[in-house]
Amino acid sequence: MTHLERAAATVSAANPTDKQSATHWATPKPLHCEGCTTRGDPVNEHVADSHNVIRVQGARENNLKNVSLEIPKRRLTVFTGVSGSGKSSLVFGTIAAESQRMINETYSAFLQGFMPSLSRPEVDRLEGLTTAIIVDQERLGANPRSTLGTATDANALLRILFSSLGTPHIGGPQAYAFNVPSASGSGAVTVQKGNKIAEKATFHVTGGMCPRCEGMGVVNDIDLTEIFDENLAITEGAIKVPGYTADGWYVKLFANAGFFDASKPIKTFNKRQLHDFLYKEPVKVKMEGANMTYEGLIPKIQKSMLSKDKDAMQPHIRRFVERAVTFQTCPDCAGTRLAEGARNSTINGVSIADACAMQLTDLAEWIRGLDEPAYAPLLESLSASLDAFVNIGLGYLSLDRPAGTLSGGEAQRTKLIRHLGSALTDVTYVFDEPTIGLHPHDIQRMNELLLQLRDKGNTVLVVEHKPETIAIADHVVDLGPLAGTKGGEITFTGTVAELRESDTLTGKHFSYRAMLKDTVRKPSGNIEIRGANTHNLQDVDVDIPLGVLCVVTGVAGSGKSSLVAGSMPKDEVIYIDQSAIRGSRRSNPATYTGVLDPIRKAFAKANGVKPALFSSNSEGACPTCKGIGMIFTELGFMATVSSVCDECGGKRFQASVLEYKLGGLDISEVLSLSVSEARALFSQGEAKTPAAAKVLGQLEDVGLGYLSLGQPLSTLSGGERQRIKLATHLGEKGGVYVLDEPTTGLHLADVENLLALLDRLVDAGKSVIVIEHHQAVMAHADWIIDLGPGAGSAGGRVVYEGTPRALVSNLSTLTGTHLAQYVSSAG
């Protein structure tokens, strides 16, 4: 008998006719947070309306420590805590992951075989889940053919519009698509029609792709002297392309193909041999008894390297491409990617290329000006899509903007657009720091959108650090108390007012405000920028001071990155951007930062063996798990099952390797140390290794002393990844550091540590230029350059340059107004 049945039986003994009311009386009372209206009297509430919370019991994903909590539905809940405290593990790795997994299980086993397999998160019980829609910070994709228009519905709608109204008429929507090439052909086909057996058939497809650049908008010119050294033979290492080593597989294929003598210098090749080496079309050849495909070097590297977006390349490949290849705008299509027919077909004198190049605010205005009653539904749909971009603060973009160049914040807002007009309710929207890349002025818009989603009857879960967004929450969940192994606990749940009074790290820093400096540093020189016109910059002339902390700010899309990254000289400038660090399940802080190299050499020297033994990716790897420490078992359409390797016990190394010690520890024990513990180990005694201690000190400087050296990169939070990338650059030689939004993913307490780090860099004689929206960084600056006044074509001008104190006194800019409000509330 359930507790409801027992309660009903108890009441019915006194009043046999009152079983129904007893059932409602025994219904668990919904979670109520202060400031929220209750859903009704529990006595008269229907039992179906009692499921007002998401219950999590015993969550242990990543660093979570058996977390249990209740989250109110149809409310805006913000999850706070220092970077690495477990916010993403709870919200994304547990709640959202289980919701998606359970939805996938409703499909047949056949369909699940084509879907990504999701494993069940480490949690005892989850109740009250609804469909989860994740709006994260992942980039829209690095495909060079993808643009803002193709990544949304806007381009598809525009193609339909031009195929209907464009003059001259050139064909259907695909005639305006730069990803569809024109094709034609003819031949005999067999058709069973009466007595006729064969008929001649022809076909023609009109596509919008420019044939010269193949829809890329750019053509490349390859410097052959950077591809190979003509004075060397191929077997001697003449090929200078990354991955084409003299003893590698690619070179072996060239040497055994039989089209030329690979043991002779390339300069001795005749015209035919040189063509076969560089440009030969794919052809089957025999090599060591196997059928292989031989292809010339140039088309091979065009397919493997030049067809990818540069931002998605590994650093050493990107450096090679930048050195060996010159990209220039396609002379035939002028960079529009479109064939001549698509460029010449217009509506009121505007081609689809012109429309895609317009700023979205201008394009929306042009669409509204079209008087075509027969196509009113299409125009209304297109207008609504464009207006959504404008309302969300992306009106400064254009549809031809490559998707790979969008920042994480821009990509996240682009994904949000498709949900704003949705008729769905009672779903769970999960956001990962939606204010990233937003000026305080734009944060207000984002807050309004989050509240709109909630007011439609949805549950909105937000992982966030900005106090402006935390302040609008109905319910707050704070994780901590610290990060990594010292986090993973619920330190507070309640209202914003209660958070302010709490003793948690977030509560203490919620009202923190950086103070304006009484005195600022004096510049030691200037970087002169004259006539800058990259993207939306309007012939900007500005002097960026050296030897100080200079902050470049302005609303999103005002031209900050264009000014700093696109106009500054590259010599001796260390540029740390927002691009995500990449790594497999084998990557960890020790391998990414390079600190493992001096550690392996120290182990080898102390024990008189080879350094390769102390790499889990080389000779020392456990033969059973291949140095991963886990065994992964594929179960078809079901989720892959992982288990700790029985052979090495998860240590990743052979047993014989673990017998070698340094400082009393084996290599697996060293990798399990935290950064701070490892720094203490390698700073003194027999294990003293200055090169390792230096890198570990840089990790401590950015606040990552708690990280384990062997922790997989895939388990790090966004803020941790941002800081680990910063740490790798701290030791580089260069006088100027450029940081693009270094506060991304940082808790209020972490921002204080970041400011201290920036001060140490400047005091050490470096020049630090920061592209930033965070008011704490602005207030702490020695010099501010503010761009605007708006975004896109309304920006691109310097509206202020001077000290923060003078900016606060000057309320003529949006930045000055918000900074004045920020510092006035300090205390």
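Lys517 is buried, with a relative accessibility of 18% (buried means under 20% relative accessible area, exposed over 50%, partly exposed in between, with a 1.4 Å probe and protein chains only). The model is predicted, so local features need pLDDT of at least 70 and side-chain atom pairs count only at pLDDT 80 or more, while totals for chains, interfaces and linings use all residues. Residues are numbered from 1 along each chain as its sequence is written, and side-chain values use heavy atoms, leaving out hydrogens and water.

**Salt bridges of Lys517**
- The structure holds 34 salt bridges (a side-chain nitrogen of Lys or Arg within 4 Å of a carboxyl oxygen of Asp or Glu).
- Lys517 forms one of them with Asp782, where the closest N and O atoms are 3.0 Å apart.
- Lys517 lies in the loop between α19 and β18, and Asp782 in the loop between α28 and β26, so the pair ties together parts 265 residues apart in sequence (helices are DSSP runs of H or I with at least four residues, strands runs of E with at least two, numbered from the N terminus).
- Asp782 is buried as well, at 2% relative accessibility.
- A network of salt bridges links Lys517, Arg521, Asp759, Asp763 and Asp782.

**Other salt bridges**
- Asp474 and Arg454 form a salt bridge, with their closest N and O atoms 3.0 Å apart.
- Asp474 is buried at 14% relative accessible area, and Arg454 is buried at 18%.
- Arg530 and Asp543 meet in a salt bridge of 3.0 Å, N to O.
- Arg530 is partly exposed at 46% relative accessibility, and Asp543 is partly exposed at 28%.
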